[in-house]
Amino acid sequence: MDLIRILLAILLPPVGVFLQVGFGLQFWINILLTIFGYIPGIIHAVYIIATRD
């Protein structure tokens, strides 16, 4: 399942974070990072997916 989340995080970073944590603070942070720059959104999404259990 993590592989699917990581692939979604690369294509649409907020979707990958949403699947991991739902509508929490990290989701909204990722939305802002993705708006300000696509690459920071991807980095944050992959980090959240990799570190959360």
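In this predicted model, Asn30 is placed in helix H3. Asn30 counts as buried because its relative accessibility is 0%, where buried means under 20%. Leaving out residues up to four places away in sequence, Asn30 touches Pro13, Pro14, Val17, Gly41, His44 and Ala45. Between the C-alpha atoms of Asn30 and Phe18, which are twelve residues apart along the chain, the separation is 9.4 Å.

Leu33 is also found in helix H3. With a relative accessibility of 27%, Leu33 counts as partly exposed. Apart from neighbours within four places in sequence, the contacts of Leu33 are Tyr38, Pro40, Gly41 and His44. Leu33 and Pro13 are 20 residues apart in sequence, and their C-alpha atoms lie 9.3 Å apart in space.

Helix H3 as a whole gives the setting for these two residues. The buried residues of H3 are Gln26, Phe27 and Asn30. Seen down the axis of H3, these buried residues fall within an arc of 100°, so they line one face of the helix. On the other side of H3, Leu25, Ile35 and Phe36 are exposed. The cover over the buried residues of H3 includes H2 and H4. As for length, the twelve residues of H3 should span 16 Å at 1.5 Å a residue, and the end C-alpha atoms are 17 Å apart, which agrees.

Helix H4 comprises residues 38-51. At 1.5 Å a residue, its 14 residues should span 20 Å, in agreement with the 20 Å between its end C-alpha atoms. The buried residues of H4 are Gly41, Ile42, His44, Ala45, Ile48 and Ile49. Gly41, His44 and Ala45 are among the residues touched by Asn30, and Gly41 and His44 are also among the contacts of Leu33. What covers the buried residues of H4 includes helix H1 (2-11), helix H2 (13-21) and helix H3 (25-36).

The surface carries a nonpolar patch of about 1,000 Å², made by Leu11, Leu12, Val15, Phe18, Leu19, Phe23, Trp28, Tyr38, Ile39 and Ile43. H2 and H4 are the elements that give two or more residues to this patch. One of the patch residues is Phe18, which lies in helix H2. Phe18 is partly exposed, its relative accessible area being 34%. Tyr38, another member of the patch, is in contact with Leu33.

The structure holds one salt bridge. It joins the side chains of Asp2 and Arg5, with an N to O distance of 3.0 Å. Both Asp2 and Arg5 lie in helix H1, three residues apart, about one turn of the helix. An α-helix has 3.6 residues a turn, so residues three or four places apart point the same way. The two partners fall into separate accessibility classes: Asp2 is partly exposed at 42%, whereas Arg5 is buried at 16%.

The relative accessibilities of the individual residues discussed above are collected here.

| Residue | Relative accessible area | Class |
|---|---|---|
| Asn30 | 0% | buried |
| Arg5 | 16% | buried |
| Leu33 | 27% | partly exposed |
| Phe18 | 34% | partly exposed |
| Asp2 | 42% | partly exposed |

How values were computed: Residues are numbered from 1 along each chain as its sequence is written. This is a predicted model: local features need pLDDT of at least 70, side-chain atom pairs count only at pLDDT 80 or more; totals for chains, interfaces and linings use all residues. Side-chain values use heavy atoms; hydrogens and water are left out. Helices (H or I, at least four residues) and strands (E, at least two) are DSSP runs, numbered from the N terminus. The expected span of a helix is 1.5 Å times one less than its number of residues. Buried means under 20% relative accessible area, exposed over 50%, partly exposed in between (1.4 Å probe, protein chains only). Contact means heavy atoms within 4.5 Å. Patches are made of residues with over 30% relative accessible area and no salt bridge: like charges are joined within 9 Å, nonpolar side chains (Val, Leu, Ile, Met, Phe, Trp, Tyr) within 5 Å. Accessible areas come from the Shrake-Rupley method with a 1.4 Å probe; for residues, only the protein chains shown count as cover. A salt bridge is a side-chain nitrogen of Lys or Arg within 4 Å of a carboxyl oxygen of Asp or Glu. The arc is that of the directions from the helix axis to the C-beta atoms.
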